[in-house]
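Good morning, and thank you for the time.

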Amino acid sequence: MRAYQDYVQLAEKRGLKIGEIILAEQAEESEKPEAELRERMRLNLNVMREAVDSGLSGERKSHSGLIGGDAAKVQARWKSGESLTGERISGAIARALAVAEVNATMGKIVAAPTAGSCGVLPAVLLTVEEALNCSEDDLVTALFTTAGIGMVIADRANVSGAEGGCQAEIGSAAGMAAAAAVELAGGTPGQTSDAAAIALKSLLGLVCDPIAGLVEVPCVKRNATAATIALAAAEMALAGVESKVPLDEVIDAMNEIGKQMPCSLRETAQGGLAVTPTGRRIKADFL
Amino acid sequence: MGKSTVFDLIGPVMVGPSSSHTAGAVRLGAMALKILGTEPIEVEITLHGSFAETGKGHGTNFALVAGLLGMRTDDERIPQAIQLAEEKGINIYFKTENLGEVHPNTVKFRLTGRDGKVVEVIGSSIGGGRIVVNRINEFQVEVMGDYNTLVILHQDLPGVVGQVTSLLATAQINIAQMRVSREKKGSQALTIVETDQAIEPAALALMFKLPAVYQAMAIDPLG
């Protein structure tokens, strides 16, 4: 079973970033040159950027009519300078909403790790890019770091809402994004682990209860709040705050919690928000 | 089950809204098309569980058909797939049915090719766009679409597996993973070999010539 701690130790020993360790491992396993894998990841980054731009333009509406235009609203407030949370948090919220709206309206996105959680990573990466002026190369390397955490989660637990609840999707995305933010801000490999653990811990137990079974409510807004959790976790880790429970153990706990979750709260639309009076009414109207 | 790679976690690039119900569905359709090996003329699709319950809002129906038309997960024509299939003269029927103790996102395809060949394929979308084919006709398999895959149905006799692997070795094909299962001693056995290189038709034809081999099928990986 994969352990993130092994990657941290290897990265520290060799004085490399986690993303560089993951890239080297993948190049060896797939027998492909690192440059080819970097290029493929760069294309993923481009799709993420396009999805942010497309979602912020505010012209989309989902088939059910529930989703569309909220990213543009938050963007307007962020750009007005009156944002309560400041431009970074507002920017992250708007970008996460943007990508999740593109997804809900059947536009093109990168599943990261899933389509339901596709807004978190682009929101955090592009917000950190804007804040710190990171190079594209560093962003690509950070994507390998996130993939490393994702692979550990997929190996020890899973990233599917149907199996592990929303914690497995949005929690994983937040953990992955938090680690990327730490790495881009110059944190240590150990700090990426702390940030991911703190973010994932914050979303443990989150159930998957989509209204009418659609990736719309509450999924789109959860992308935005998860992006802010990722940034908060990164801020703590960069300040030297440690996760008392190591990341690998948090992932194992997430797996156990997922197993204990009733089927009604794992993407079946038979529990939680899906069966509130409003949830039932929306379902009846749409289906 | 094969280990995930970086592009399973950061990817696929896809048309929304659901990696399991949309992208996974496209990949299941694409896998079924590869197994049929020719363009289908008649398609019966049976949806189970969550695919049946929530498929409509996720576009699972047209995503499955998009795969059968050979589209990839990021093809922006996916929402028009059913219409495109009809224009090609492909007859499509959808059903919902409880397929028993299977993954909630499971589909059964019954495909008839233009050449009259019929296959039945059952597969599941297991999260993040990853899939597994569980059954091809009456045979239980576990095909993920990550590798070139050779499926061989043969008599359970000493040396058959060895003959298969030496044919692969002669063809310079490296084995990544291999599984052998059988009904009972001496009866039918199923060997599934995942390989690093493509299994050329010539190599497949040699498998057919082995006296103990009943059926052999080479399935390309999903791109």
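A salt bridge here means a side-chain nitrogen of Lys or Arg within 4 Å of a carboxyl oxygen of Asp or Glu. By that rule, the structure holds 22 salt bridges over all chains. Side chains of opposite charge can pair when their charged atoms come close.

Some conventions come next. This is a predicted model, in which local features need pLDDT of at least 70, side-chain atom pairs count only at pLDDT 80 or more, and totals for chains, interfaces and linings use all residues. Residues are numbered from 1 along each chain as its sequence is written, chains are lettered from A and ligands numbered from 1 in the order in which they are written, and side-chain values use heavy atoms, with hydrogens and water left out.

One of the salt bridges links A:Arg42 and A:Glu39, at 2.9 Å from N to O. These two residues are three apart in helix H3 of chain A, so about one helical turn separates A:Arg42 from A:Glu39. Helices (H or I, at least four residues) and strands (E, at least two) are DSSP runs, numbered from the N terminus.

Let us move to the interface. Taking contact as heavy atoms within 4.5 Å, 41 residues of chain A touch 33 residues of chain B. About 2,900 Å² is buried between chain A and chain B, and carbon and sulfur atoms give 63% of that area; buried area is the accessible area (1.4 Å probe) that two parts lose on being put together, summed over both. A:Met106, A:Lys108 and A:Glu267 supply 21% of what chain A buries against chain B, more than any other three residues.

How many salt bridges cross this interface? The rule finds one between chain A and chain B. The partners are A:Lys108 and B:Glu76, whose closest N and O atoms are 4.0 Å apart. Several elements of chain A give two or more residues to the side that touches chain B, among them helix H3 (34-56), strand E1 (108-110) and helix H7 (136-156). H7(A) contributes the largest share, eight residues.

Strand E1 of chain A also takes part in pairing. Two strands pair if DSSP finds at least two bridges between them; here three bridges join E1(A) to strand E1 (residues 13-15) of chain B, and the two run antiparallel. Within this pairing, A:Ile109 stands opposite B:Met14.

For aromatic pairs, ring centres of Phe, Tyr and Trp (its six-membered ring) must lie within 6.5 Å; planes under 30 degrees apart count as stacked, over 60 as edge-to-face and the rest as tilted. The whole structure has two such pairs over all chains. In one, the rings of A:Phe144 and B:Phe7 have centres 6.4 Å apart and planes at 75°, so the pair is edge-to-face. A:Phe144 lies in helix H7 of chain A and B:Phe7 in helix H1 (residues 6-9) of chain B, so this pair joins two chains.

Finally, the backbone. Most residues other than glycine have a negative phi, and most peptide bonds are trans. The bond from A:Ala112 to A:Pro113 is cis, with omega near 0°, and A:Pro113 lies in the loop between E1 and helix H6 (120-132) of chain A. A:Val217 and A:Pro218 are likewise joined by a cis peptide bond, with omega about 10°. A:Glu31, not a glycine, has a positive phi of about 55°.
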